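Here is my note on this structure for a new reader. Please read the points with the model open.

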Amino acid sequence: MRDYHKFVSWVAGIPVLIIILIVIIVTHETKDDGISRAIASKAVALAFASREECEQLAAGREQSSFPTGKEDSWYVKYMDYLFEKGYLSEELTKADARSAESYLTYGEAEYLAESVSKQLKGKIKATKKNRDQYIPKDEWWLFYDSMIARMEEENHVEQKNILIYGTPYNVKEAPAWTAYSDQGTIGFEGLALDAYIDCEISVIMRDSELIAVTKKVSDKVVYENVWLAQGEEGKCLVYVGNITRQIETGLKEEKQKELYNNLADITLEKGKLKKAELKKGKRIRGRVLSVKADYIEIEGYGPLAVSPTFQVFKTYGTFEKKKLEDILVGYDLQEFVVSDGVLCAALIEREFDAKTIRVLLMNTGFQGVFHSSLTLSCTGAMTISSEEGKEEKLEKGSQLVLTPEDERLAQGRLIITPEEGCEISIKEIERGQGTPAYGGRLEISSEEGGLVAVNELYLEEYLKKVVPSEMPASYEKEALKAQAVCARTYAYKQIQSNGYSQYGAHVDDSTNYQVYNNSKQDERTDQAVNETYGKILKYNGKPIDAFYFSTSCGTTTDGSVWGGDPSSMPYLKSVALRDDRKVLSWDSEEEFSQFIKSKNYSAYDSEYPMFRWETVTTSQILGEKVTGIGAVTGLKITDRGPGGSARELEITGESGNKTVTGQNQIRYILGNSQLEITQKDGKKITGWDSLPSGFFTVEKKDGRYYIYGGGYGHGAGMSQNGAQGMAKKGKTYDAILKFFYDGVEIADIEQP
C-alpha cells in the first residue's frame, strides 16, 4: 500500500517537474537568433579588405587591441581591422574573447553603421530601451545588404550557390576552417559547415572566404566525373574535386565491385548514394597537340571541348589526382573518356619518357610568337596533313605559302612532315646562321595573333642544335659534354612544365628557354651530345633545374637569385671558381667593391672579356626608367645575396625614394641601350638594355654614377666559360658538373 501511494505521488509530481524544467530551459536558453561580434566584424571587414589583406595587416601591426596571447584567435584580425578604421569603439566593444563570442548589440551596430558611411545613418536605430539588447540575426543581415549596396568602392562581396563536399569533419587532412566545394577550396572561419556536406547552399562570400550561409537550397546533389575505387571496411572510395572520401553505397558486394576503377556521375541525397552512372562508353587515344582551358586538341580528332568538371587521374603505379597542366603536349600517355562529344576525364596510363620535344618557333629577332605569313620549302618532298585526314604531297623544290586566312587552317592545324632524312626551311625566319632548317615535323596553326609554328623532333636531335647555339663548337670537348648534359636536363624539366601548352609546345627557341638552331649544327657538338646520350643531372634521384650562364665574376650565387627559397634547390651553391670552391664573402661594401674592381683575381673564367666590365650612367639616363621620385640623386646597394649578387637597390630622388628588389629588376632599372660598357679587354659594347650581371658596385663621382661589375648572366649554376676554363685544365665533364652542382649524380633519364 505504501508503494502504491509513492507511485501516485511520483506520477502527480511529473507535471510540476516538467514545469520547473521548462522554466529552467526558458530562463537559461541561449538566444540563437543574434549575431556574434566576431561574425559581424568578419562580415564588415571583408566588405573592405580580403582575408589575405587582413592577415597581412595583422602581421605588420605592432600591437593588437586584444590581450597578449590571444592574437591567434581567428576573429582578431577582423576586429583589429575595424578598431583601427574606427568602425568599432573600444568604449562600446571590449577586445577580449568573451566579448567577441557574444552577441552584437543595437548600440554597437548603430555606431558601426554610422562609422562606415553617413548614408547608413538611421539604418539601425538604437533607443534607450534596445541599446544594450542584441540585434537579431535577420535584422543584421538586412542591414549588411544595405551596407554592401551603398559601398562606394568596388564591391567584392557576392551571393552564390555552392556544393559542399568536404570539411575537416570528413576529410582528415583538411586544415582548420577549410572546406572543399564545386567552387574550389574555400575558408569558413567562425562558421559551422559540417551539417551542409553533400548539400547545395546559398552563401555570401568574398573571393574564397565564406561570410555567411543564408539557406540550404537542396540536400540532393550530383557529382560529375568522379573516380570510384575500393575503399576501406566495405566502403567505396570516391575521388571528388581535389579530395578523396569514403562512402557507404548500400549495394551488395558484387554490385559494388562493378563500380570500382570507373569514372561516374553519382547522385547523393541526404548524404546517401542514390545513383551511380558509370561512363564506360567511348574512350579515345591520340597524341595531344594543344591544351587550352576549354578544349584539348588531339591528333586524329581535332579540338574537343572539355567538361567544366573535367578530371585528370594517373592510373599507373600509385593512383593520383592530377591537373589539366599535367597533360603533356606531344605525347600519347593517356586515354580520354568521352561523353556526348565532350571530354570528361584523362586517364594517364604510362610514364613520361622524354623522347621528343616541341619547340615554338619565334619570329625573326625573337620579337614574338606570331607570324604574318610563312613560306616553307624542303630539301626533299614534304607531306601536308590536315586534321580532317586529308593529305597532300609537295615534291622537292616546291613551296608551301601560308597566311592566317588560309582555308586549310580553318579546320585546325596543318602538319608538315619532310621526307626521311630531309629538313624544312622557313623563309621568314632569320637567325644568327641565316635561314635555319628544321628536322622532325612542323605544325602550323592560325591563332588570334597570327600563325604559330611548332617544331616537333627527337630530344637528342634538338640538343644537337641547342649546344652549338649556347656554347661555341670550338670549345673543349669536355666543356661541350657538360653543356650537353645541362641542356638535356633543362629540356627534360621544361617538357614537364608544359610552358606553351596552349599552342602545343614545351619551349620556345629563344633565351627564354634555350637558344635552338641559331648557330649551325657542328660535328664536335654532335659528338658531345652522342657521347652523353640520355644523361641528365639528378639530386636525390630527381632531375634538377640545371641553370647555367655565360661568365662568372669569380663566384656563383645560389637559388635565391630569383627571390625564392634556396633550400628548394640545394644543389645550387655559392662557390668560388677555383679548385678549393671556397665561399667568398665580404664584411663591408668597401671590401666587395675592391674585389669586383680587381682585374687580377684568378678564376677558371677570369681570362674572358666579361669577367670584369664597367660603365657610367647619369641621372638623366636613369630617369628614363626611374619615375615618380624626381631626378635621381643617389644609388645604394642595401642587400646582397651569396657571392655578392645585388638583391636590393635603394634609389634616392629629389622628391622621394624608391627600393628595387630582385637581381633581374635591378639590372634592368640601371641598364640602358645607350650605355657604353667597357669589358676587361678594353673593348666597348653598346645596346644592352640591362646590366650584364647583378655582381656590381656603384660610385658617384662628379654627378655621374660609375658602375663596376663582373660576369655575364644570373650567376647561378654552371658558368659556361668557367666550364671551358676547367676543361682546358684537364677536368672531365662529370667533374665540371659536380663542381657547379652540389651533391648531384649523372644518371640516365629512365634510371629510377
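Where is Asp 198 found?

1. Asp 198. This residue is found in the loop between β3 and β4 (199-206). Helices (H or I, at least four residues) and strands (E, at least two) are DSSP runs, numbered from the N terminus. Asp 198 has a positive phi of about 65 degrees, although it is not a glycine. Asp 198 is buried, at a relative accessible area of 3%. Buried means under 20% relative accessible area, exposed over 50%, and partly exposed in between (1.4 Å probe, protein chains only).

2. Basis. This is a predicted model, in which local features need pLDDT of at least 70 and side-chain atom pairs count only at pLDDT 80 or more, while totals for chains, interfaces and linings use all residues. Residues are numbered from 1 along each chain as its sequence is written, and side-chain values use heavy atoms, with hydrogens and water left out.

3. The chain overall. Its secondary structure comes to 16 helices and 41 strands. The C-alpha trace spans about 120 × 75 × 55 Å along its principal axes. Of the 752 residues in the chain, 51% are buried. Take the contacts between residues at least 6 apart in sequence: 64% of them join residues at least 24 apart. Contact means heavy atoms within 4.5 Å.

4. Asn 261. Here is another residue to check for its backbone. Asn 261 has a positive phi of about 60 degrees and is not a glycine. Asn 261 lies in the loop between α8 (253-257) and β9 (262-269). Is Asn 261 buried or exposed? At 53% relative accessibility, Asn 261 counts as exposed.

5. Helices α2 and α4. Helix α2 (residues 37-48) packs on helix α4 (residues 76-85) at an angle of about 65 degrees, with the axes 8 Å apart. That makes α2 roughly perpendicular to α4. Axes are lines fitted to C-alpha atoms, for helices over the stretch in contact, and angles run from 0 to 180 degrees between N-to-C directions. Angles under 35 degrees count as roughly parallel, over 145 as roughly antiparallel, 65 to 115 as roughly perpendicular and the rest as oblique. The crossing of α2 past α4 is left-handed. A crossing is left-handed if the near helix is turned anticlockwise from the far one by less than a right angle, and right-handed if clockwise.

6. Residues between α2 and α4. On the α2 side, the contact includes Arg 37, Ser 41, Lys 42, Val 44 and Phe 48. On the α4 side, Tyr 78, Met 79, Tyr 81 and Leu 82 take part. The contact residues divide into nine nonpolar, one polar and two charged. Ala, Val, Leu, Ile, Met, Phe, Trp, Tyr, Cys and Pro count as nonpolar, Asp, Glu, Lys and Arg as charged, and the others, Gly among them, as polar.

7. The β2-β3 hairpin. Strands β2 (residues 178-181) and β3 (residues 184-187) pair in the antiparallel sense over four bridges. Two strands pair if DSSP finds at least two bridges between them. The hairpin joins β2 to β3 through two residues. Ser 181 stands opposite Gly 184 in β3.

8. A seven-stranded sheet. Seven strands form an open sheet in the order β21-β20-β23-β26-β27-β18-β28, with mixed pairing. Which strands stand at the edges? They are β21 (391-394) and β28 (507-508); each has a single partner strand, so one side of each is left without a neighbour in the sheet. Strand β18 (residues 356-360) pairs with β28 in the parallel sense over two bridges. Leu 360 stands opposite Asp 508 in β28.

9. Helix α9. This helix (residues 459-470) lies across β18, β27 (450-458) and β28, running at about 110 degrees to β27. The axes of α9 and helix α11 (residues 523-531) come within 9 Å and cross at roughly 135 degrees. That makes α9 oblique to α11. The crossing is right-handed. Among the residues in contact are Leu 463 and Val 467 of α9 and Thr 525 and Val 529 of α11. By class, this contact has four nonpolar, two polar and three charged residues.

10. Ile 596. Its place is in helix α12 (residues 589-597). Ile 596 is buried, with a relative accessible area of 1%. Leaving out residues up to four places away in sequence, Ile 596 touches Cys 553, Arg 612, Phe 695, Phe 696, Thr 697, Tyr 708, Gly 709 and Gly 710.
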